[in-house]
Amino acid sequence: MASPKVIVLRTCDGETFEVDESVVYVSETIKNMIEDGCGDGVIPLPNVSSKIFPKVIEYCKKHVSDFESLKKTSNGDEKEKDKDDDSSKKGKEAVPDVEEDAEEKARVEELKEWETTYMDIDQQVLFDLLQAANYLNIKGLLLMAAEKAASMIRGKTPEQIRETFNIKNDFTPEEYEEVRRENAWAFE
Amino acid sequence: MGNCVCSREISASAKNSIISTKEIERIEEDRISHLPDEVLGHIITFLTLREAVRTSALSRRWKYVWRTSVSDLDFDAKNMLGTQNHPIHGQEITSKFIRVVDQTLKLLQDFKVERFRICCDLDNRHGSILHRWVKSAIISGTKELHLDLYPRPDYQLYSLPSGLLGSGKKSSLKHLHLTFCTLNILRPYPSFEGFESLTTLSLKHVFLTEEDVGDLLCHCSLLECLKLAECMNLVILRIFSPSLKYLGVNELSDLVEIKLCATSLVTFEFTGHMVNFCFVNVPLLITVMLHIVGFNNSDAAPIALTTFPAHLPQLENLVIYNTKLYFETVFPSESLPTYTNLTRLVMVAKVPEMDFFFWIVTFMKVSPFLKTLQLHLCHLKDESETREIIRVSNIPHRYLKFLEVNGFAGYQEQIDMITYILKNAIALESVLIDPRPRFYLGNGKWKTHNNQWFMPTRERKRIYELLLQEFQTVGAQLTIL
């Protein structure tokens, strides 16, 4: 294979970034664009700001090796996603430390620590990340951010959730009653 | 409508006062509601069903989002209705559970459900209800169906008609898990519609005859994973399946013999009292887990050392639970067959250290190409005072590269054991010692027990230094967690 190709990308606010091809390939969206022949010029990213792009690239860099080994298959491997059919709840409860041997164990531990630090962010960054990951089609990042958002919803009453995210309750009193009645069991 | 405006006013004034870290977190606009449906959907998949349903009350925008994004319907009476750990509930709670499931299913009528699970103490009396739910699940294209029922002492188990799984036009069911049910296979013309697409079948405490097992395997031509647990009445288990890759057998109390004729079988895991193992045709079987329980004289280690090498010469990975004491006179290690392909050995101790040690040494002797050795220690007290000292000679092992020790507590016997291995494994590259015990979940997966077990730094250092001296290879790595 030739020397690593560098891709130039431009965010919505006009800034350009130069990133290794293997790193941007983590984004399905960019990958498709490159495969369609856009890799030689500047790739425009109209829905991504220069503020969030470095954070996204940080994720991509960390997860490049997963993708290299998978070659050019579709959206990569999430280590957290269980293969076990019995207890899998897709991250709803704490993901059990399921690992096979010493090397795998150490790798999983290290990745967990990295993820904890990476996701120590405020709401603004979180939502920027969710939108960017969605647009750039980086499934692992999207799910990681989604899980963080879910953790902010978990255990709260609707009132508390609204307060956390500044959601306006636009139900009429009748509508609100109906919603709560429809699934009364969940509100008890 | 009123309360939201109010809270905003309050917070506006609060902003002028001392800003707490909580305030900094809050943002001005409602960004979350502006995310596209699919992103919100991803967020909701991380919530329990109950939490997901509650999002419907957030605002108009959120009212229907949960319905399209819940793809995992886990109706667990314990979690949903707030009853704690004991699965047996009162009649009232069961009725409520039924109502809740019905209501929720009604709201989700048109949406695709990937995984559907019912966990409640339902039985034969609720037959028609359960039939209805299974049908709904199948029609909605579910891929994974779990019926985890709990028996009430006086009632009969729910009987699932085998043909019910064929309710959909084209069966998409891949995984079926039944606990405490009966599989109603009507003869002489049983219907196995819906079973043809199964890749996983897990039956726990399901009454099966040998004919049933044969029929199931015959009709599940894509079956890759079969788990049988606590199924009484099976005396001889005949596994005849060209597609099966994994077989897990757990505590079949009436079992006497297992006959394996499965050309794709890769992994076989067995827990239970001793039976006769007939490996008729398992050319690809390379991983075996053996855990013999019961009070008779059998144990996994002797069998794995005497009969397995001949019947399974291709064996590469072995997980052995060691439950028997070692007596040299009864178990001479001189004339044992060799494992020519065994590269990975996991041994779980259920005996005192000294016995465990002798089994380890014996295994090392008969597995010259062993690359990875993983030990799970438990430090049982050696009750007998009169056991003779058995000498162990140093036998160099030229291939062992990785040693992992779990449940290490720093006892002298444990240190001696590790020292012996370090001395003799002349190709050792890396050693990992973890004080935390691990539990086997099955199918190659372990769970580390995270709480409480840790070694004080000084102790860790002392052991580190002690063991480092024993390393034969230069550049080998020793890690103590």
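How many bridges join strand β11 of chain B to β13(B), and do the two run parallel or antiparallel? Strand β11 (residues 257-261) and β13 of chain B are joined by 5 bridges and run parallel, where strands count as paired if DSSP finds at least two bridges between them, and where helices (H or I, at least four residues) and strands (E, at least two) are DSSP runs numbered from the N terminus.

Before going on, let me say that this is a predicted model, in which local features need pLDDT of at least 70 and side-chain atom pairs count only at pLDDT 80 or more, while totals for chains, interfaces and linings use all residues. Residues are numbered from 1 along each chain as its sequence is written, chains are lettered from A and ligands numbered from 1 in the order in which they are written, and side-chain values use heavy atoms, with hydrogens and water left out.

Staying with chain B, the open sheet there has 3 strands in the order β9-β11-β13, with parallel pairing. Strands β9 (236-240) and β13 (276-281) of chain B stand at the edges with a single partner strand each, so one side of each has no neighbour in the sheet. Within the pairing, B:Leu260 is placed opposite B:Phe279 of β13(B).

Chain A also has an open sheet of 3 strands, ordered β2-β1-β3, but its pairing is mixed. Here β1 (residues 6-11) and β2 of chain A pair in the antiparallel sense over 5 bridges, and A:Val6 stands opposite A:Asp20 in β2(A). Across β1 and β3 of chain A lies helix α2 (residues 28-35), running at about 145 degrees to β3(A); axes are lines fitted to C-alpha atoms, for helices over the stretch in contact, with angles from 0 to 180 degrees between N-to-C directions.

Now to the interface, where contact means heavy atoms within 4.5 Å. Chain A brings 60 residues to the contact and chain B brings 69 residues. Between them the chains bury about 6,300 Å², 53% of it on carbon and sulfur atoms, buried area being the accessible area (1.4 Å probe) lost on putting two parts together, summed over both.

The rule finds 4 salt bridges across this interface, each being a side-chain nitrogen of Lys or Arg within 4 Å of a carboxyl oxygen of Asp or Glu. One of them joins the side chains of A:Glu182 and B:Arg67 (3.6 Å, N to O).
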